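Please have the structure open as you read.

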Amino acid sequence: MIKVENLYKSFGPLQVLKGIDCHIAAREVVCIIGPSGSGKSTLLRCVNQLEKADSGKVIIDGVELTSPQTDINKVRQQVGMVFQHFNLFPHRTTLENVTMAPIIIKKMNKAEAGDIAHELLRKVGLSDKDDVHPAQLSGGQKQRVAIARALAMQPKVMLFDEPTSALDPEMVGEVLEVMKNLAQEGMTMMVVTHEMGFAKEVGHRVLFMDEGIIVEQGSPRQIFENPVNSRTQSFLSKVL
Amino acid sequence: MLQCLDLNIFGLDILQSLLALNGFQVVSSNMGNFLRGTVLTLEITALSVAFGMVLGLIAALLKMSRYKLVALPGSIYIDFFRGTPLFVQILLFYFGILPLVFDANSFQAAVIVCSLNSGAYIAEIVRAGIQAVDRGQMEAARSLGMTNVQAMWHVILPQAYKIVIPPMVNEFIALLKDTSLVAIIGAEELTHQGRILYSVTYEAAWIWGAVALIYLLLTRLLSMLGDYLERRLATE
Ligand SMILES: Nc1ncnc2c1ncn2[C@@H]1O[C@H](COP(=O)(O)OP(=O)(O)OP(=O)(O)O)[C@@H](O)[C@H]1O
Ligand SMILES: [Mg+2]
């Protein structure tokens, strides 16, 4: 479903991605872990082209995003992204946050978009918050709306960049629960996370990144119980 | 009438001597001219700010483009109109450029030059407003598949306008005062009415005092409107 081949990315003199290769199958949930600054966010952002890679390829569902002929807006519709800081649209209500993209991009009528949005908001456990503005929601609620907003475009792939890092501890669970359900429904997911519990329980595969490369990857069991690489070992000894 | 009621009260004495003054009579008997001038001043200002908003928005978006060839015309326009005196712009356009394009009367010329001028200032206001919106907003919009234009229109600008309104009101006030410069090309706004009246009566203090007072009244009203808008937006 997602293929990343030999991806390089620098910001000025700083080389952040140094040849990333990874293939993610349909319905697979891949968790990406690694120390701060290792390039995890940059990798995700390259996957949906918020960041333009210097070289290498990103292919999603057979479409090469890195080719100049590709209509990137079209592809992004199929790649949902959830941000650490939610990035909800503060001038719109919860419901409008979810219906906005289908109405504007897919030219869906308001009623139909509303039906889909209600269904999604129910799914993330927020069916009673339609007319509330994001400022009145808790962090956990915001992030669940953000997930519903991304799902409203019916993406084939979901990218999560530390979706629970900005949350108070008591709200982490509700967001992870929603993500877990999504995984069980068969969504293809790339999740950058510090929640090792989630990676263990929900992830099919764990990638450990450090200094712009994928140092080690394998099943959660393998990575958490028997890391081979010394950098993985020292990282895990700090966070576990 | 007042003479009959002369009770030798100090205040009435003043009133009486006021009424007898030539300057006062000039001003009070020509209220119609001042009023017409005021209306025209407001018209030129309002039209120029309205056109200026459109021009300013376009210029701001051009200047913010990633493509140099698109950004350059925006920058040149903004730099030119902010970097030269409005007075010179009025002369240049009325006598130099507009005659090459069409036969503009002084009112049209005034609106065109003031629009171009305020557009340049508004462009910088809009640009600052857009840049004050969190980067994550654009990223979220783009990640959903919106085009740059869709994201601007539906996500960024609706958030930028709150930031933009207070400086926009200041620009409105500044332009209202600056329109006095178009008197030089004979647009019959407030300052021009003052000049005409002065040339036949020579009551400088009274006439220019009255003109100044009207400008002050207008700018005070505008800034009160601005304060009101700001308070409304703050509670929203
Ligand atoms: N737009 C940018 N301009 C310049 N440098 C950047 C930019 N984005 C990221 N970087 C740098 O690239 C490096 C990798 O950043 P990235 O955000 O990918 O790391 P990360 O693994 O997600 O870290 P964290 O766990 O802190 O989120 C960092 O050193 C960061 O400062
Ligand atoms: Mg990051």
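## The second largest cavity

The lining of the second largest cavity divides into 5 nonpolar, 3 polar and 1 charged residues; here Ala, Val, Leu, Ile, Met, Phe, Trp, Tyr, Cys and Pro count as nonpolar, Asp, Glu, Lys and Arg as charged, and the others, Gly among them, as polar. Those residues are Arg76(A), Gln77(A), Val79(A), Gly80(A), Ala150(A), Met153(A) and Pro155(A), together with Ser143(B) and Leu144(B). The volume of this cavity is about 30 Å³.

On a 1 Å grid over the protein atoms alone, a cavity is a set of points where a 1.4 Å probe fits but cannot get out, a pocket is an open set with protein on both sides within 12 Å along at least five of seven lines, and lining residues have an atom within 4 Å of a point. Grid points are joined across faces, edges and corners, and a volume is the space filled by probe spheres set on the points. This is a predicted model, in which local features need pLDDT of at least 70 and side-chain atom pairs count only at pLDDT 80 or more, while totals for chains, interfaces and linings use all residues. Residues are numbered from 1 along each chain as its sequence is written, chains are lettered from A and ligands numbered from 1 in the order in which they are written, and side-chain values use heavy atoms, with hydrogens and water left out.

## The largest cavity

The rule finds 2 cavities of 30 Å³ or more, and the largest holds about 40 Å³ of space. Around the largest cavity sit Lys123(A), Val124(A), Ile147(A), Leu151(A), Val178(A), Asn181(A) and Leu182(A). Two or more of its lining residues come from each of α5 (139-151) and α6 (169-184) of chain A, with helices (H or I, at least four residues) and strands (E, at least two) taken as DSSP runs numbered from the N terminus. The biggest contribution is that of α6(A), with 3 residues. By class, this lining has 5 nonpolar, 1 polar and 1 charged residues.

Of its 31 lining residues, Met64(B), Arg66(B), Met138(B), Arg142(B) and Asn148(B) lie nearest the centre. Both chains take part: α2 (72-76) of chain A and α6 (106-132), α7 (135-143) and α8 (148-178) of chain B each supply at least two lining residues. The largest share, 6 residues, belongs to α8(B). The lining comprises 15 nonpolar, 7 polar and 9 charged residues.

How do the residues lining the second largest pocket divide by class? They are 16 nonpolar, no polar and no charged. This pocket has about 380 Å³ of space, and Met53(B), Tyr161(B), Val164(B), Ile165(B) and Met168(B) lie nearest its centre. With 9 residues, α8(B) gives the most to the lining. Domain 1 (46-164) and domain 2 (190-236) of chain B both contribute lining residues, so the second largest pocket lies between them; the domain bounds come from an automatic or database domain assignment.

## Where the chains meet

Contact (heavy atoms within 4.5 Å) links 23 residues of chain A with 18 residues of chain B. About 1600 Å² is buried between the two chains, 59% of it from carbon and sulfur atoms; buried area is the accessible area (1.4 Å probe) that two parts lose on being put together, summed over both. Phe89(A), His91(A) and Ile104(A) supply 28% of the area that chain A buries against chain B, more than any other three residues.
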